[in-house]
Structures are given as structure tokens and as C-alpha cells.
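Let's look at how two chains sit against each other.

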Protein chains: 2
Amino acid sequence: MGLTKTEIFSEQQNQIAVFAKAFAHPARVAILQHLFKMDTCVCGDLVIEIGLAQPTISQHLKELKQLGLIKGNIEGTSVCYCIDQENWNKMKKILNEFFDLDISAAGNCC
Amino acid sequence: MGLTKTEIFSEQQNQIAVFAKAFAHPARVAILQHLFKMDTCVCGDLVIEIGLAQPTISQHLKELKQLGLIKGNIEGTSVCYCIDQENWNKMKKILNEFFDLDISAAGNCC
DNA sequence: TTGTTTCATTGCAATATTACGATATAACGA
DNA sequence: TCGTTATATCGTAATATTGCAATGAAACAA
């Protein structure tokens, strides 16, 4: 049905999934990598850097912004985006807790 | 168009996206958490544990298996799944390299 | 004001994902 | 052999995602 049954999962499980979805597209990975690489903030250079149309980039930026991973500031006619450090670290913490689940017990059957 | 333009991105960017997609659904997060929690391997208990139909769980398991994050062994009529430690660690390394990009330079504009 | 630049939004088409009923398959016990 | 159990696969319906052309909105310069 294309509809995820979020109600049967824990809040934590849903949050992990929502954050993971942010990185589940190479364009968004590329955008974030570029925002990290540039010491000065980027705006529509992303359209040139990445090879996608402007509306497409704008849409990906919107998703990252709604998740809180990036911030955007209007500067004249252009918009300056950058990583939201606080939320980025929160996301890292939540995902790393999941990645670092104790593996010692599992993995001994197959 | 629903079709990701993978060809314009680097192999690394695509790989991050593919791994992230594994966690981009709470059911797969729940499956992996359960596989970590149980010291003995699980099979169709997942259908009971998680509240989804058997074909749906089977489909999610297939995706995780294709990615190499889990392994499955046939034991009689049931199938025993567990984390593939080697690939799990590979995935962790790739995603953490991305998460740990130097934040000092970025994030000072907004 | 008019034109330009930059970005967001809208609307749409194409593909992907999620979920499940029905069915197939494979191993086992009686 | 026959029935049971456990899982996989198929087919299908519904929703989500991706991408872009066209258009709108806002700031600026002339």
C-alpha cells in the first residue's frame, strides 16, 4: 500500500527511520557533504555542483531543513544554507546508539 | 520521475544512500534491533514480534539480506537469521566517516 | 518602474516502496 | 503418502518519492 505503519513501532524506531531517510538519496548526501566542505555557506551553487535542476535541489533542501539538519538564511536574492550543528549531533547520537548495539551476543548462529 | 539519477553521483555517495535506505523503514530497524537483542537466532518470531504480515516481513528480510547486513540459514522448516558482523562493521565505518565530517569549518553563517 | 537574479512552489509524469492475500515450496512427522 | 509448519514468491493496490517545466515571489540594480 506504500503506507508505512508507523503506529506499530516505537518512537525511537520511527525516529531512526526518519533520519535515515535523509541520507537515503545520493543528492542529499552530496548536498550535506558540500555544506561541510565549504567554509563559507553555499546557496544555489549546489545546483551547479550537483547536476540536478533547480527545483529538484530546492526540494531536497526543503526536506533536510524540515528535518532540522540544515538552516537557511536569506541574503539578498540568494539563500545561504548551512549545517545545523546541534541537530546534526543529535542525529549522530541517535543513529550511533543503534549502530553500536552489542554484537557479541548475536551473530553466532549462521 | 521516481528514478534516482545515480550516475551523476560518486560511488561513495550512492553507497551511503543505499545503506541508509536499509534503515529508512521502522520495520527494518525493528528487525535488526531484535536480531541484536536475541542471543539465539530468530526466524519467523519476527512476524509475531513486529505486527506485520508474514509476506511483508519476508520482503524486508530479503532487502536486508541483499544488502549483506544479515545472513539466513535454513534449519528444518524454519530459517534462522542473524547479523552479518563483517558487513555491519563495514556499513558502520562508511556511514560514520560521513557523519564525522569536520564540522568546525561549516555552520558559522546562519 | 522595469528588468534581472535567485530561490520557492505548483502541477504533473514516471518510478519506487509498502503491505498483504493467495499461492508455491520445502522439510518434517505420522 | 498425507497433512502440517515455516518461509518465499507472485500479483496487485495504494501511497511515496524523484525529477523537472512552468510559474510565482522577493530583493536588487538601473
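## Buried area

Putting chain A and chain B together buries about 4,500 Å², and carbon and sulfur atoms give 70% of that (buried area being the accessible area, with a 1.4 Å probe, that two parts lose on being put together, summed over both). This is a predicted model, where local features need pLDDT of at least 70, side-chain atom pairs count only at pLDDT 80 or more, and totals for chains, interfaces and linings use all residues. Residues are numbered from 1 along each chain as its sequence is written, chains are lettered from A in the order in which they are written, and side-chain values use heavy atoms, leaving out hydrogens and water.

## Who touches whom

In contact (heavy atoms within 4.5 Å) are 52 residues of chain A and 52 residues of chain B. Because 100% of the interface residues of chain A are also interface residues in chain B, the copies meet through the same surface.

As for salt bridges (a side-chain nitrogen of Lys or Arg within 4 Å of a carboxyl oxygen of Asp or Glu), there are 2 between chain A and chain B. K92(A) pairs up with D100(B) in a salt bridge, with the closest N and O atoms 2.9 Å apart.

## Symmetry

Rotate by 180 degrees, with 0.0 Å of shift along the axis, and chain A superposes on chain B at RMSD 0.0 Å (least squares on the C-alpha atoms of residues with pLDDT of at least 70 in both). That's the relation of a two-fold axis. Of chain A's residues, A20(A) comes closest to the rotation axis, its C-alpha being at 2.6 Å.
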